[in-house]
Amino acid sequence: MCWSARADLVVGGAVSAVGVVCLVRAHRAGRPERLVLAALPLVLGVHQLIEAAVWLGAGGDLPAGTARWAGTVWAVIALPLLPVMVPVGVRCATDGGPTRRRLLTAVALLGILVAVPLALAVAAPPVTVTEHTHTLTYGVGVPYPALLLLGYLLATVGALLLSGDRSLRLLGLLTGVGALVCALLWRLAFVSTWCALAALASLLLLHWTASPGRPPTVGV
C-alpha cells in the first residue's frame, strides 16, 4: 500500500463529502443526539486532506512553517480529539438501557483521561514528521505510550463495540482489526495508517445515519 499526497486528497475529499451527507441526514431526521458521531467522517476526511499538506511539506513543496502547522493540526485530531469525540458521540447516540449508558459514560471518561496527556504532548515540543517507506511517521513525545495506546483503543474501538447498534459494532470491528493490521505492518507509522483506514471505515456511518434508530430499551 502506498500513501501519498494524491491518495490523501482523493480519500479525504470523498470521505469529507460523505461526512456532509451524514450530518445532513442526522439533522433532517431530527436526531441531534447523532450529530457528534455523524460528524466523524467529515473530521476524518478533513484529517486526510491535512495529511496531504503534511506530505507536501515532507517533500519540500510547502514552506517549513506551513508544514509544521499542518503536522500539529493533524496530530491534534489524531491524538487528543478522537478518543474524546468517538466515545462521547456513541454515548450521545445510544438508545440502550441504563447499564449500557453507564458503561459508555465510563468509556467516555477514559477517553478524556487519555486525551489530556496526549494534548499536553502535542502542545509541548514541535511535532516532527518523517517519510518512512511510503508512510509518514509523526514524532510526538507521548509519555507511557503503550498504556496510552491501550486506553486510546479502548475508548475509540471499545465504545463502538459497546454501542449495541449493528452498524456501529461493525465499524468498531473494522477499526479494531485495522489497528492490529497497522500495528503489524506499519509499526512506525501506526497512527497515520490507522487513521486512514478509520476514515474509510467511517463510510459505514452513511448507512447508520439513514436508519431511524431503535426505541429505548430496558437493560443492556
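Biologist: How many salt bridges does a search of the whole structure find?

Modeller: The search turns up one. The pair is Arg-31 and Glu-33. This is a predicted model, where local features need pLDDT of at least 70, side-chain atom pairs count only at pLDDT 80 or more, and totals for chains, interfaces and linings use all residues. Residues are numbered from 1 along each chain as its sequence is written, and side-chain values use heavy atoms, with hydrogens and water left out.

Biologist: Why is the pair Arg-31 and Glu-33 called a salt bridge?

Modeller: The term asks for a side-chain nitrogen of Lys or Arg within 4 Å of a carboxyl oxygen of Asp or Glu. The closest N and O atoms of Arg-31 and Glu-33 are 2.3 Å apart, so the pair meets the cut-off.

Biologist: Why is Arg-31 called buried, and why is Glu-33 called partly exposed?

Modeller: Buried means under 20% relative accessible area, exposed means over 50%, and partly exposed is in between, with a 1.4 Å probe and protein chains only. Arg-31 has 12%, so the residue counts as buried. Glu-33 has 25%, so the residue counts as partly exposed.

Biologist: Let's turn to Gly-12. Where is Gly-12, and why does the residue count as buried?

Modeller: Gly-12 sits in helix α1, residues 5-28. A helix here is a DSSP run of H or I with at least four residues, a strand is a run of E with at least two, and both are numbered from the N terminus. The relative accessibility of Gly-12 is 0%, so the residue is buried.

Biologist: What does Gly-12 touch beyond residues up to four places away in sequence?

Modeller: Gly-12 touches Gly-45, Gln-48 and Leu-49, where contact means heavy atoms within 4.5 Å. The C-alpha atom of Gly-12 is also 5.9 Å from that of Val-46, a residue 34 places apart along the chain.

Biologist: Why is Gln-48 called buried, and which residues does Gln-48 contact outside four places in sequence?

Modeller: Gln-48 belongs to helix α3, residues 40-58. With 1% relative accessibility, Gln-48 counts as buried. Its contacts are Asp-8, Val-11, Gly-12, Cys-195, Ala-196 and Ala-199.

Biologist: Ala-53 is in helix α3 too. What makes Ala-53 partly exposed?

Modeller: The relative accessible area of Ala-53 is 23%, which means the residue falls in the partly exposed class. Setting aside neighbours within four places in sequence, Ala-53 is in contact with Leu-62 and Ala-70. Gly-19, 34 residues away in sequence, lies 20 Å from Ala-53, C-alpha to C-alpha.

Biologist: Why are Val-18 and Leu-206 put in their accessibility classes?

Modeller: Val-18, in helix α1, has 19% relative accessible area, so the label is buried. Leu-206, in helix α9 (residues 204-210), has 27%, so the label is partly exposed. With neighbours within four places in sequence set aside, Val-18 contacts Leu-203 and Leu-206, while Leu-206 contacts Val-18, Val-21, Cys-22 and Arg-25.

Biologist: What makes Tyr-144 worth a look for its phi, and is the residue buried or exposed?

Modeller: Phi of Tyr-144 is near 45 degrees, a positive value in a residue other than glycine. Most residues other than glycine have a negative phi. Tyr-144 lies in the loop between β2 (135-139) and α6 (145-161). The relative accessibility of Tyr-144 is 66%, so the residue counts as exposed.

Biologist: Now the whole chain. How do you know that its radius of gyration agrees with a compact globule?

Modeller: The radius is taken over C-alpha atoms, and the globule rule is 2.2 Å times the number of residues to the power 0.38. For 220 residues a compact globule would come near 17 Å, and the protein chain has 17 Å, so the two agree. The C-alpha trace spans about 55 × 35 × 30 Å along its principal axes.

Biologist: What secondary structure does the protein chain have, and what share of its residues count as buried?

Modeller: The chain has nine helices and two strands, running α-α-α-α-α-β-β-α-α-α-α from the N terminus. Of its 220 residues, 45% count as buried. Among contacts with a separation of 6 or more, 74% join residues 24 or more positions apart.
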